[in-house]
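Thanks for passing this one along. Here are a few notes to read beside the structure, as numbered points.

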Amino acid sequence: MTHFIRPEHRLAWQQLHALAQAGQAPLRELLKDKHRHAELQFNAAGLSLDASHQRVNAEVMHALQALAEESGVMTQAQAMFRGDAINSTEQRAVLHVALRGSEQAQPPWGKEISTAVSTELNRYCGFAEQLRAGACTGFGGERITDVVNLGIGGSDLGPRMATEALSHLDAVWTQPLVRLHYVSNVDAWSLATTLAGLRAANTLFVVQSKSFTTQETMTLFASALRWLLDAGCPVADLHLHLAAVTAKPALAQSQGISSERCFRVWDWVGGRYSLWSAIGLPLAAAIGREAYLQLLQGAHAMDSHFLHAPAAENMPLTLALLGIWNRNFLGASTHHVAAYHSALGKLVAFLQQQDMESNGKRVHIDGSVCTVATTPVLWGGLGNDGQHAYFQLLHQGSQMVPVDFIGVRHGHAGLPLAKEHQRVVLLNMQAQAKALAVGRTQEETRAALLAEGLSSPDAERLAPHRSFSGNIPSSTLWMDSLSPYNLGALIALYEHKVFCQAAIWGINAFDQWGVELGKSMALEIEGVADSG
């Protein structure tokens, strides 16, 4: 390992600190610059990013880009794409990018990995197509109509989010060839309510666990087996109702899952980056092979942009740098994501794992304790719903919360007035970004209240309560449509954002020892209880 330099010791970091201390013009002034929108517009892989509502100017952006250069962000990115063991605490490569770029003529990670990825991709997509074609039958000879995914964390959040996000596709919405259900919570109620509407003869379980020992998943698996047996499935036919995705195929096969239905995930694929692997099997079954491959292609397009675009045009790097500025220099302890498309209802939960499991660290890669803040708390949900709930805090709360707005220009719904619905959705999103940025002064509020017919004393009394400080930074991410390609690009964008921030903070984004601690504690408590 080269000599590690703490972030706060970098010259660009110190320059940014001085710029923040000196203060910047408020957003209501910055937005008067007619060139600002064009200068802070970024495009990549079918997405566009409008950063004009961020509290930055040209001097801040140049200093942020200098910080990325000084921190060696792109050098570290190249190491990831080569397959170097950048997960230093576990001595593993981090190669989820290889899962969506396996068709490259000369991949940086090598032909051997590309061949293995292509082989496995064909296997699990082939099985997904069999399910969709009705070629898989259960113990009574009836076709499998329902697939229940059993998994937790990355084995649930990614496929579940994407299945819901792409549920509007014609092939899914009008003709659900196979219905998908996701169970992650080990609470018996979660599984029971899912199974209540299903018939065992038509149900297949996909058991997702890299180790095939995950306590929650194995508990759900045991209940699923009991449910099948109680419904009359012969022991010899259980394999007709089971599939597995794991790094331990021998262990899965020892528990009754046939080798043909055991699909591989590698140890260089982190759980929160595993949607692109066989973990995506249930998604492929829901949307079909062609749409699933488009998802991979969108992610690969963002990979190529990230690796090759110059810093001043690089969308993932820019998104990361804006987050660094807000977190470390403007003092934002939380970050809000507001999606303005109801199919993206699970996106924030997915991004929470992506961001906070990766960068929720307080130790640098050299083992020293961080003295700079790392990832903020990420939270949010659907924007239209949030406007009538927690947006109050965004506008008038005592802490500054930056926002990512995510909009889809063209919706998809079979209602006569669908275009009007979409117009109202996007109008609200754009109004919120503007309101957060410019706010409303007490003088403006007083004048507005007087114009409404209030008396001067009442206007004076209410003005402090109905004024807004504004100057709250936000970015707006746009997709033309919520297509598989665009969704893939969006997910990869956030993956690389997280990577860039970890590189600047000098932390390992690819281990999760806090998650592992809870698992080991549960086993210890269980062992004490058993011995007692």
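1. Let me begin with a pair of leucines: Leu49 stands opposite Leu477 in strand E11. Please keep in mind throughout that this is a predicted model. The two residues belong to an antiparallel pairing, in which strand E2 (residues 47-50) and E11 are joined over four bridges.

2. Strand E11 has another partner as well. Strand E10 (residues 403-408) runs parallel to E11, and six bridges link the two. One place to look is Phe405, whose bridge partner in E11 is Thr476.

3. How many residues of strand E11 are buried? Six of the six residues in E11 (residues 474-479) are, so the strand is largely enclosed by the rest of the structure. As for direction, Ser474, Thr476 and Trp478 point one way from E11, while Ser475, Leu477 and Met479 point the other way.

4. Now to the open sheet. It has five strands in the order E4-E3-E5-E6-E7, with parallel pairing. Strand E4 (179-183) and strand E7 (262-264) are at the edges; each has a single partner strand, so one side of each lacks a neighbour in the sheet. From one strand to the next, the twist averages 20°.

5. Strand E6 (residues 242-246) and E7 pair in the parallel sense over three bridges. Val245 has Phe263 in E7 as its bridge partner.

6. Which helix lies across this sheet's strands E3, E4, E5 and E6? Helix H10 (residues 215-230) does, lying across strand E3 (146-150), E4, strand E5 (203-208) and E6. Relative to E5, helix H10 runs at about 160°.

7. Finally, the cysteines. The disulfide count is zero.

Conventions. Residues are numbered from 1 along each chain as its sequence is written. This is a predicted model: local features need pLDDT of at least 70, side-chain atom pairs count only at pLDDT 80 or more; totals for chains, interfaces and linings use all residues. Side-chain values use heavy atoms; hydrogens and water are left out. A disulfide is a pair of cysteine sulfur atoms within 2.5 Å. Two strands pair if DSSP finds at least two bridges between them. Axes are lines fitted to C-alpha atoms, for helices over the stretch in contact, and angles run from 0 to 180 degrees between N-to-C directions. Contact means heavy atoms within 4.5 Å. Buried means under 20% relative accessible area, exposed over 50%, partly exposed in between (1.4 Å probe, protein chains only).
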